[in-house]
Amino acid sequence: MHLEDFGKRFPSEVRAFQKLGADVVGMSVVYEVIVASQMNINVLGIAYVLNMSTKFNGKALTHEEVLKNGKKVSDKISKIIKKVI
């Protein structure tokens, strides 16, 4: 289950979201898809997790580490999108 939230997540929030059944907590996408759907725009969603919770990896990532992770997957995501299009 995806749960929408904005901003930094604290360990207590991650635990609460997990108890609510969330597997992934995102900052965006769902709202944009809802609006696009209401406007009869076809939507394909591709999501990837860049920043695992400290609950799973034992330490908080810096902003630079999150950006580095994004660069690692950008080529893979680009290839997937090109195949779909």
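Read along the sequence, the chain adopts the pattern β-α-β-α-α-α, with four helices and two strands (DSSP runs numbered from the N terminus, helices being H or I of at least four residues and strands E of at least two). The model is predicted, so that local features require pLDDT of at least 70 and side-chain atom pairs pLDDT 80 or more, whereas totals for chains, interfaces and linings use all residues. Residues are numbered from 1 along each chain as its sequence is written, and side-chain values use heavy atoms, without hydrogens and water.

Of the 85 residues in the chain, 14% are buried (under 20% relative accessible area, with exposed over 50% and partly exposed in between; 1.4 Å probe, protein chains only). The accessible surface amounts to about 7100 Å², 61% of it belonging to carbon and sulfur atoms (Shrake-Rupley method, 1.4 Å probe, only the protein chains shown counting as cover for residues). Among contacts (heavy atoms within 4.5 Å) with a separation of 6 or more, 35% involve residues 24 or more positions apart.

Asn69 is located in helix H4, residues 63-84. Its relative accessibility is 22%, and Asn69 is therefore classed as partly exposed. When residues up to four places away in sequence are not counted, Asn69 touches Leu50 and Leu61. The C-alpha atoms of Asn69 and Val49, 20 residues apart along the chain, are separated by 9.1 Å.

Val33 lies in helix H2, residues 30-38, and is partly exposed because its relative accessible area is 31%.
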